Every structure is written in structure tokens, then in C-alpha cells.
Amino acid sequence: MSKPIRLIIQQPSLAKYRLPVFRELAKYPDIDLKLLYGVRHGIPNVEAEGFSAEPVWLWQKKFRGQHVFWHSAQWNAASRDVADVLILTWNPRYASLLPAMLKARAKGIPTILWGHGYSKAESAMRRKIRLSITRLATALLFYNQTAANRIIQEGWDPQAVFVARNSLDQEPIRQARIAWQQDPAKLERFRQEQNIGPGPNFLFVSRFDPANRLEMLVQATAELVADFPHVRALILGNGAEEQKKLEALAESLGICERVRFVGAIYDEMQLAPWFLSSQAFCYPANIGLSLLHSFGYGLPVITSDNLSSQNPEIEALKPGQNGLLYADGDVSALASSLRTIANNPEMAAQMSAEAIRTVEEDFTLPNMVEQMAAAVRYCASKR
């Protein structure tokens with residue numbers, strides 16, 4: 001039998017949501033996985049489970065308003081003594097990336113660049129720099145098909161382009177959803193204890209980042225009060241400064257009782273009843289994995305139609321099927337989309353079923369990991 005492919009993956013951190021991905025990839029008998037991940041002050045990592053991992057300090061410096069990184073893990077992994085294939089973070093702001101790619105090529109080690117493949121604020125010069133680094137790679141691994149199609153149109157070999165669509169481990173979500181749905185009395189007690197009325201209730205769960213445009217949800221809620229006296233925006237997350245601004249906005253609009261700030265909740269079983277007590281998930285802009293999280297609970301998603309401002313996971317949203325897009329920046333258009341969900345329970349139920357199907361059949365962890373493994377095997381064949 002041939003030896004397993006020694007695969008080293010370099011990442012800026014070891015986030016909790018990535019654990020299932022690496023754990024599944026490590027189960028492949030033909031792949032011997034080791035993760036090298038960054039250690040940065042103020043950014044917590046989790047313990048590796050089910051795969052080999054090593055923390056390596058990640059140097060960071062701000063230069064001309066941009067963060068520049070040096071991760072020695074990239075350079076050190078480019079060695080025949082430790083790796084047959086490398087997966088490196090696809091970010092041109094890593095000063096260590098180009099030297100590591102050149103070293104890997106000199107040593108005959110195939111490399112995979114893994115990432116978005118674009119920047120939301122990408123200029124022509126940045127794109128040129130990105131593509132110049134790309135030419136040194138053996139294969140490219142994207143988060144979504146749209147970005148992959150673009151680089152194929154720019155001349156990249158389609159056989160060397162792989163799409164591991166960003167996915168979540170839906171099993172904890174599914175278990176939490178079913179557990180609460182199977183106990184309606186418990187769910188009703190929760191709603192009474194939390195003073196969650198008949199609604200409609202529109203949920204947001206994430207950090208309070210200005211890029212998420214949460215003020216638009218508050219403003220849209222104010223527009224809905226006349227039609228729905230019991231409407232509520234249920235906002236879960238943290239960010240003290242941003243919350244103060246949002247609370248002041250709600251007060252100025254006279255809807256303090258219609259906007260509920262719950263705080264951050266991380267336990268899935270505690271999050272579940274908030275999802276199951278809502279009619280839709282509203283993320284005004286900049287949505288990412290939260291889209292797949294809400295789909296796991298069967299919640300239709302409402303977000304901006306400016307797709308360039310969104311993250312790769314937006315590809316999972318099919319307008320009219322599992323969610324709605326509103327005209328970017330238009331509060332009244334957002335309110336109209338929320339009103340559409342509230343006024344059409346049958347349509348909302350169909351969207352709910354399609355949302356669950358999307359994450360149970362299309363955007364799944366096995367599908368994601370299989371594409372990663374395919375990229376690794378492709379590179380191993382090019383050694």
C-alpha cells in the first residue's frame with residue numbers, strides 16, 4: 001500500500017467552526033493531516049480534536065493602514081521532510097506567502113491556495129498581485145463557485161480549480177431544533193418567560209459590526225409597527241459601542257419595546273428557541289456563515305441584494321426559494337421584504353423547507369471536505 005499523503009494546512013487561527021472540517025478530513029485513510037495555526041493576541045483558539053495540530057505565532061504589523069502578516073508556519077512547512085502537499089491561506093497580505101510558495105516550488109512540493117480568491121475592496125493592482133501569486137500554485141480551492149468561475153474565465157486550468165463550499169456541521173443544530181420541536185410545551189414556556197409575543201419576530205444573531213448595517217433592521221422595524229403592533233426585532237450578539245448606538249436609535253424612533261437586545265449566546269441548545277420563535281432571519285448586509293446557521297433551523301433569510309458586499313455563503317440563498325433580497329441600503333425595501341414573510345405564512349413555510357434542504361443536501365460538511373480531499377489528491381498526482 002502507498003503511504004498516506006502528508007498534508008500540512010496553514011491557517012491564521014483554529015476557530016471552533018473549523019474543527020469538524022479538519023476532523024472529517026483527517027479521517028481519510030490516504031491523507032495524513034497536520035494543521036499549523038496562528039496564535040494572535042486577543043483572538044482565542046480552540047483545542048484540536050481528532051487531528052494533529054500545532055500553534056505557531058503569527059506576526060502582525062500595520063502598514064499604510066493595512067495589516068501585514070508573517071507566519072513562519074508557511075515557510076517552515078515548505079519542506080520535503082514534513083509535507084507532500086501544502087494548503088496555504090490565500091491572502092496576499094501575508095508577506096510570508098510568496099517566499100513560501102517559491103520555496104515549495106523549488107522543493108517540488110505542490111501547493112493549494114485556499115480562500116475567497118477575491119477581496120471586497122479589491123483594486124486592479126491588488127487583483128494583479130493576487131494573480132501573480134496564484135500562478136505559483138498547483139491548485140486553487142475556493143469557498144464558492146462564483147469566484148471559481150471568475151478565475152477560470154481569466155485563464156486558469158479548470159482541472160486545477162476546486163470548490164469546497166463553506167459549510168457548517170449541521171448535526172448540533174439539527175439535534176437542538178428537533179429537541180425543542182418535540183417539546184412544544186417547553187418552547188411555549190420559553191416564549192412566555194422571555195415575553196416573546198405573537199410577532200412577527202425577526203431574528204439577528206452575530207457580532208455587532210457596523211458593516212452588518214443593524215441600524216437598518218431597527219429602522220425597518222419602526223416602519224412595520226403600524227401594520228404589526230406586536231412586531232419585534234430579536235437581536236443576539238455583542239458589541240457594546242454599537243449596541244449603544246442602536247439603543248439610542250430605537251429610543252429616537254419610539255420603539256424601545258419593539259427591539260430586544262438579548263446578549264451573546266453560544267450554546268446551540270440555548271440558541272435554538274430564539275430561532276424557533278422567529279419568522280425570518282434578517283442580516284441587513286455582510287452575511288456569512290450565519291446564513292447557513294439560520295437555514296439549519298428552517299428560517300428564511302433576508303439580506304441585501306448587493307452581492308459584492310456579502311461573503312461567499314450568499315451563494316446558498318436562492319431569492320424566492322429560501323429567502324429574499326432587498327434593494328441595498330433601502331430601509332423601506334427591507335421592511336417590505338419582512339412584511340412579505342409576515343403576510344404569507346404558506347410561502348414562508350415553503351421557504352423554511354427549502355432552507356433545511358439546502359443545508360442537508362447541498363451545503364454539507366461531507367461535500368465540502370470531499371472537495372478538499374480531491375484537491376489534495378490532484379496535487380499529490382503532480383509531485
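Helix H1 (residues 19-26) packs against helix H14 (residues 365-380) at an angle of about 55°, the two axes lying 10 Å apart. The crossing of H1 with H14 is right-handed. The structure described here is a predicted model.

On the H1 side, the contact is formed by Pro20, Val21, Glu24 and Leu25. H14 contributes Leu365, Met368, Val369, Met372 and Ala373. Sorted by class, the contact between H1 and H14 comprises 8 nonpolar residues and 1 charged residue, with no polar residues.

**Helix H14 and the segment after it**

H14 has 16 residues, which at 1.5 Å a residue should span 22 Å; the C-alpha atoms at its ends are 23 Å apart, in agreement with that expectation. The buried residues of H14 include Leu365, Met368, Val369, Met372 and Ala373, each of which also takes part in the contact with H1. Ala375, Val376, Tyr378, Cys379 and Ala380 of H14 are likewise buried.

Lys382 is located in the segment that follows H14. With a relative accessible area of 49%, Lys382 is partly exposed, since the exposed class requires over 50%. Lys382 and Pro110 are separated by 272 residues in sequence, yet their C-alpha atoms are 7.1 Å apart in space.

**Two further helix pairs**

| Helix pair | Angle | Axis separation |
|---|---|---|
| H1 (residues 19-26) and H14 (residues 365-380) | about 55° | 10 Å |
| H7 (residues 184-193) and H10 (residues 268-276) | about 80° | 10 Å |
| H8 (residues 214-224) and H9 (residues 240-252) | about 20° | 10 Å |

The angle of about 80° between H7 and H10 makes H7 roughly perpendicular to H10. In this pair, Leu187, Phe190 and Arg191 of H7 meet Pro273, Trp274 and Leu276 of H10. The contact of H7 with H10 contains 5 nonpolar residues and 1 charged residue, and no polar residues.

For H8 and H9, the angle of about 20° makes H8 roughly parallel to H9. H8 and H9 cross in a right-handed sense. Leu214, Glu215, Val218 and Gln219 of H8 meet Leu246, Leu249 and Ala250 of H9. By class, the contact of H8 with H9 holds 5 nonpolar, 1 polar and 1 charged residues.

Terms used: Residues numbered from 1 in each chain as written. Predicted model: local features only at pLDDT ≥ 70, side-chain atom pairs only at ≥ 80, totals over all residues. Heavy atoms only, no water. Axes fitted to C-alpha atoms, helices over the stretch in contact; angles between N-to-C directions. Helix = DSSP H or I, 4+ residues; strand = E, 2+ residues; numbered from the N terminus. Left-handed = near helix turned anticlockwise from the far one by under 90°. Contact = heavy atoms within 4.5 Å. Nonpolar A, V, L, I, M, F, W, Y, C, P; charged D, E, K, R; others polar. Expected span 1.5 Å × (residues − 1). Buried < 20%, exposed > 50% of the residue type's maximum accessible area, 1.4 Å probe, protein only. Parallel < 35°, antiparallel > 145°, perpendicular 65-115°, else oblique.
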